[in-house]
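The following note was prepared for a colleague who will work with these coordinates. Please read it alongside the sequence and the structure.

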Amino acid sequence: KKDFREYLQRYYPASESMSAEELFDRFLEEVAVAEFVHNFDVTIPHNERRDYDDMTVDVGENSSYFQNLWELQIEGYMPVKYNPVTDAAETGLLNFTEFSGYPANMTEVEQRPVYTALNMMKVDMGNPDFGKISAIFNRGV
């Protein structure tokens, strides 16, 4: 569509002479090297103590890997609370295996994802709405 091409050329001038197939190949090349980013807070925000269920700097300093939301509960870093919306999204949309019960066991929860964004813009930070700290995951490691 012409509007799309005009928009794309504004930010990527080389695209003007590229075919759709070349553009798609270029997109795949960019996706292949883009890093993943996850933002979180330094500590649990005071006004969110009961609802916060994400990584913090303290947790990270005491961990050997970056836990997902469910692992943080099972390992005792966050209060155990079942989140039916997250569970439904992970099992219904993302096709993860359902838990046998809740609280689930570590074998089940370690199969669930760490939520990240694909850093296509290659900026050195993620979305600050999710916290002041950005964890950048390099795909090559």
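The points below go from the whole chain to individual residues.

1. The model is predicted, not experimental. The chain contains 6 helices and 3 strands. Read from the N terminus, these elements follow the order α-α-β-α-α-α-α-β-β. With a radius of gyration of 19 Å, well over the 14 Å given by the globule rule for 141 residues, the chain is more spread out than a compact globule.

2. The C-alpha trace spans about 55 × 30 × 30 Å along its principal axes. Buried residues make up 28% of the 141 in the chain. Among contacts with a separation of 6 or more, 52% join residues 24 or more positions apart.

3. Surface and charge. The accessible surface of the chain is about 9800 Å², and carbon and sulfur atoms contribute 55% of that area. There are 12 positive and 25 negative side chains. A distance of 7 Å separates the centres of these two sets.

4. R112. This residue belongs to the loop that runs between α6 (106–109) and β2 (117–119). Its relative accessibility is 4%, under the 20% limit, and R112 therefore counts as buried. The side chain of R112 forms a polar contact with the side chain of D87 at 2.9 Å. Beyond its neighbours within four places in sequence, R112 is in contact with N68, W70, D87, E90, T91, F96, T97, E98 and F99.

5. The loop between α5 and α6. Two backbone features deserve attention here. The peptide bond from Y102 to P103 is cis, with omega near 5 degrees, and P103 is placed in the loop between α5 (84–93) and α6. N95 is also assigned to the loop between α5 and α6. Although N95 is not a glycine, its phi is positive, at about 65 degrees. N95 has a relative accessible area of 68%, which is over 50%, so the residue is exposed.

6. K122. A positive phi also occurs at K122, a residue other than glycine, where the value is near 55 degrees. K122 is located in the loop between β2 and β3 (133–137).

7. S15. Is S15 buried or exposed? Its relative accessible area is 0%, so S15 is buried. The residue is found in the loop between α1 (2–11) and α2 (20–33). The side chain of S15 reaches the backbone oxygen of Y12 at a distance of 2.7 Å. When residues up to four places away in sequence are not counted, S15 touches R5, L8, Q9 and L23.

8. V31. This residue is part of helix α2. Leaving out residues up to four places away in sequence, V31 touches L118, M120 and R139.

Key: Residues numbered from 1 in each chain as written. Predicted model: local features only at pLDDT ≥ 70, side-chain atom pairs only at ≥ 80, totals over all residues. Heavy atoms only, no water. Helix = DSSP H or I, 4+ residues; strand = E, 2+ residues; numbered from the N terminus. Buried < 20%, exposed > 50% of the residue type's maximum accessible area, 1.4 Å probe, protein only. Polar contact = N/O pair within 3.5 Å; in protein donor to acceptor, adjacent residues only side chain to side chain. Contact = heavy atoms within 4.5 Å. Rg over C-alpha atoms; globule rule 2.2 N^0.38 Å. Areas by Shrake-Rupley, 256 points an atom, 1.4 Å probe, with all protein chains shown as cover. Lys, Arg positive; Asp, Glu negative; His and termini not counted. Charge placed at Lys NZ, Arg CZ, Asp CG, Glu CD.
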